[in-house]
Amino acid sequence: MAILKIKKYPDPILRKKCQEVKEVTEEIKNLGWDMVETMTENQGIGLSAPQVGELKRIIVVHPIKERSPKEKTLRSPQIFINPKITEKSKETEIDEEGCLSFPGLFLKIKRRKAVKIAALNERGEKIQVRAEGLPARIFQHEIDHLDGILFIDRLSFWQKFKLKP
Ligand code: ZN
């Protein structure tokens, strides 16, 4: 495994749309595990492939301490290939978010409270995950990255207005 260099904003790669992974090859698996190591080394809780310079639909998510039984979705860092949100709650939640591509920046962002994710794991098997609270937030943040969407784009009108000099 290797620790990869994290692309920082405003690197143009962060604005590109990522390609679906056609086949879960050894190379894809290795990239996934390198991303897990890179995330852990940088004390992140999620990371997407474009953040390490790869325009592929891959994200990794760190296990989250169980705050409620509903949140015990992940026990070890997991690799999600071609992740898609298949269901989302109407209910939203505002909480603070950071991003490894924006060191030191923390913003309050509104997200869906719960989501269902369909993806492939590193063995190429179809998996489904239901996430609520912080894990749901991580999935939404990381899947946004795959479409070139950054958390600064999710600020409300008034937050943007207040940030203007
Ligand atoms: Zn991010």
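1. Trp158 lies in helix H3 (residues 157-163), where helices (H or I, at least four residues) and strands (E, at least two) are DSSP runs numbered from the N terminus. With a relative accessibility of 56%, Trp158 counts as exposed; exposed means over 50% relative accessible area, buried under 20%, and partly exposed in between (1.4 Å probe, protein chains only).

2. This is a predicted model, in which local features need pLDDT of at least 70, side-chain atom pairs count only at pLDDT 80 or more, and totals for chains, interfaces and linings use all residues. Residues are numbered from 1 along each chain as its sequence is written, and side-chain values use heavy atoms, with hydrogens and water left out.

3. The unreviewed UniProt entry lists Glu142 under "active site"; such annotations may be inferred rather than shown by experiment. Glu142 belongs to helix H2 (residues 134-146) and is buried, its relative accessible area being 5%. Beyond residues up to four places away in sequence, Glu142 touches Gly46, Leu47, Ser48, Gln51 and Ile59, contact meaning heavy atoms within 4.5 Å.

4. Under "binding site", the unreviewed UniProt entry lists Cys99, His141 and His145. These residues are spread over 47 residues of sequence, yet they cluster in space, with a largest C-alpha distance of 10.3 Å.

5. Cys99 sits in the loop between strand E4 (92-97) and strand E5 (107-112) and is buried at 10% relative accessibility. Apart from neighbours within four places in sequence, its contacts are Gln51, Leu105, His141, His145 and Phe151.

6. His141, in helix H2, is likewise buried, at 6% relative accessibility. With neighbours within four places in sequence set aside, His141 contacts Glu97, Gly98, Cys99, Arg111 and Phe151.
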